Structure formats: C-alpha cells, structure tokens
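Me: Could you take me through this model feature by feature, giving the general idea before the particular case?

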Amino acid sequence: MNIHPHDLSRIINVGMGKNFNDFINEFRVRETARKMRDPAHAHLTLLGIAYESGFNSQRTFNRVFKEMTGKTPAEYKNSLKKSCQMISWPFSHTYSR
C-alpha cells in the first residue's frame, strides 16, 4: 500500500468510527477467539494465544478482550468448553440394544 500512515489513520477514524488501536485490537481479539476454538491451539495458554495474535502485554490483552466481548478471556474460553459439552453430550453415551 502506498499511503501515508497519517492518511490511513484518518480513513480508519472517519470511515470506521474508531481509532487505529481499536481497529487493530478488534482483529487481534477475533484472532484470539478463533484460536481458542481451534483444537490445534489447545496446547497454548491464553497468554500464548494472545501473544500469537499480536498482543504485547497481558494487561492490555485482558482489558481489550473484556471490553470487546463482555467476558474475560478465561470466562470466554470456559463458555466455549461448556457449549461443546452441551453439544456433544447426547453423543457421548453408549447405547445398548
């Protein structure tokens, strides 16, 4: 892209109604949430996923994630586990005839 950073920031501010940091952090939170749902990332801690998604500090990650989702990262991940259990529950039993 051949655009001056100031112009890009202005386009984001005016066109999207958010500042550059909010714009970037929204992508980071979406990527973090996607990785939390992906079994390939199950071996990582929440902080590891946050760092992989572009966050540089735990404090910023926790604050921004809660602001954007209404849940802490741990609450969000736990809600994913509960929803998976509820979905798989009927299929986890062995039925005998």
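Me: What does the accessible surface of the chain come to?

Reply: Accessible areas come from the Shrake-Rupley method with a 1.4 Å probe, and for residues only the protein chains shown count as cover. Here the accessible surface of the chain comes to about 7500 Å², with 56% of that belonging to carbon and sulfur atoms. This is a predicted model, in which local features need pLDDT of at least 70 and side-chain atom pairs count only at pLDDT 80 or more, while totals for chains, interfaces and linings use all residues. Residues are numbered from 1 along each chain as its sequence is written, and side-chain values use heavy atoms, leaving out hydrogens and water.

Me: How many helices and strands are in the chain?

Reply: Helices (H or I, at least four residues) and strands (E, at least two) are DSSP runs, numbered from the N terminus. The chain has five helices and zero strands, in the pattern α-α-α-α-α along the sequence.

Me: Why does His41 count as buried?

Reply: Buried means under 20% relative accessible area, exposed over 50%, and partly exposed in between (1.4 Å probe, protein chains only). His41 counts as buried because its relative accessibility is 14%, and this residue is found in the loop between helix 2 (20-37) and helix 3 (46-52).

Me: Which residues is His41 in contact with, leaving aside its neighbours within four places in sequence?

Reply: Contact means heavy atoms within 4.5 Å. With those neighbours left aside, His41 is in contact with Arg34, Lys35, Ile49 and Glu52, and Leu80, treated likewise, is in contact with Met36 and Arg37.
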